[in-house]
Amino acid sequence: MNLKEKYTEQEVWDMIAQIPDPEIPVITIEELGVLRKVEVLPEKVVVTITPTYTGCPAMKMFEDDIIKTLHDNGIENVEIKMVYTPAWTTDWMSEAAMQKLKDYGIAPPVKGTQDKGVLFGSAPKEVQCPQCGSKNTELKSQFGSTACKALYQCKDCLEPFDYFKCI
Amino acid sequence: MMTQQDALINYCLRLGDSSLILGQRMAEWCSNGPTLEEDIALTNVSLDLFGQARTMLAYAANLEGKGKTEDDLAYRRSEREYYNTLLSERPNGHFGDTIARNFLHDAFLYHLYTALKNSKDETIAAHAAKSIKEIAYHLRHTGEWVVRLGDGTEESHQKIQQSFDDLWMFTGDLFEMNEVDELLIKAGIAVDLNEVKKNWDSTVNEVLQRATLQRPKDDYMQTGRLQGMHSEYLGHLLTDMQYLQRAYPDATW
């Protein structure tokens, strides 16, 4: 069977684009910017993804989910290609994805706040509490429940919350 | 005569091994951190380092072309076949020892990867560009702790000063070079560690000064990573890390 005659790249993309992040199930691999490219060759489908963090344990699940979804759609021969360049950045996240994060209780990355100085660079100033909306929040730890998040606390409602780090 | 391919494999092992061994050290902190937040931070760093190690060891295995995987390289080599920095294998000690060791190592990796972003080897350049984002977080984390402990109480100051004094003799090893470097620098793949050293010096000096700590004097420097010569600590670390694959070869998850 020649896959190229059967499926367009857009069709294959649409099959897998909605696969959710296993740790943040409200956003998809497409919205996250992890899904980079789909190529349909006569004998196989090549899906290119990029990791958010090099050690992100979700990457293996993304791979398995992509392969399974394509198998379920009748595409047996799938190759997953991992690329590191251009390096993943939170700037690829869409506005819609940011809103979903916020609704889910995770403060979205504040765009354009990547720290200039490495040493003693200040954390983004205006991280809004996803619970009460206050901007009176403080950084508790630069490392949170997953590689991509930092831990903040709201000084008004006192709720601790995750902030999706800007990289 | 060493080929460029051999040199490149060795270079990737150096990068991968240093991240792997330091990552394993950080994993030893799991559930032993001084506070919950810090415990999470230390193991987050471990995860990043394992990710970085995996990329480089997978590349090395691929270049070798013997059908090995990154896991084979991590779990099936003995200490003399490891090329990690001597600093990365130093025991965790107390929290200040870990912070001092990691700060010195983070600053090294930060400036090394900044330079390697321009490597002519595409995989190394991409790896450096990706890793630098993570290492920037690590360096900020340890740098801030160095200041907090150094400029903290009399006891914390004295303790972390001792940590730096104890670790200093392993910093010379970071910047050692041999024919592998020479060959790869010529090819535009590796970078001159003398240049990295200048940037490392300025970062270290800046932080130590801010932390009111004394930079230890350069004295005898213990080296050996380029020859795979290690301290007694690496063997113990590997026994722990490799136990499962050694006891039950090819065991899978």
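Trainee: How many salt bridges are there between chain B and chain A?

Mentor: The count is zero, taking a salt bridge as a side-chain nitrogen of Lys or Arg within 4 Å of a carboxyl oxygen of Asp or Glu. Keep in mind that this is a predicted model, where local features need pLDDT of at least 70, side-chain atom pairs count only at pLDDT 80 or more, and totals for chains, interfaces and linings use all residues. Residues are numbered from 1 along each chain as its sequence is written, chains are lettered from A and ligands numbered from 1 in the order in which they are written, and side-chain values use heavy atoms, with hydrogens and water left out.

Trainee: OK, and how many residue pairs are in polar contact between chain B and chain A?

Mentor: Seven, with both residues at pLDDT 80 or more. A polar contact is a pair of N or O atoms within 3.5 Å; within protein, one must be able to donate a hydrogen and the other to accept it, and residues adjacent in sequence count only if both atoms are side-chain atoms.

Trainee: Which element of chain B gives the most to the side that touches chain A?

Mentor: H5(B), with 15 residues. Helices here are DSSP runs of H or I with at least four residues, strands are E runs of at least two, and both are numbered from the N terminus.

Trainee: How much area do chain B and chain A bury between them?

Mentor: About 2,600 Å², with 65% of it on carbon and sulfur atoms. That's the accessible area (1.4 Å probe) that two parts lose on being put together, summed over both. Lys130(B), Tyr137(B) and Arg140(B) supply 29% of the area chain B buries against chain A, more than any other three residues.

Trainee: Switching to Thr55(B): is this residue buried or exposed?

Mentor: Buried, because its relative accessible area is 7% and buried means under 20%, exposed over 50%, partly exposed in between (1.4 Å probe, protein chains only). Thr55(B) sits in helix H2 of chain B.

Trainee: And what does Thr55(B) touch?

Mentor: Leaving out residues up to four places away in sequence, Thr55(B) touches Tyr84(A) and His127(B). Contact means heavy atoms within 4.5 Å.

Trainee: Last topic, chain A by itself. How many helices and strands does chain A have?

Mentor: Five helices and seven strands, in the order α-α-α-β-β-α-β-α-β-β-β-β along the sequence. Buried residues make up 49% of its 167 residues.
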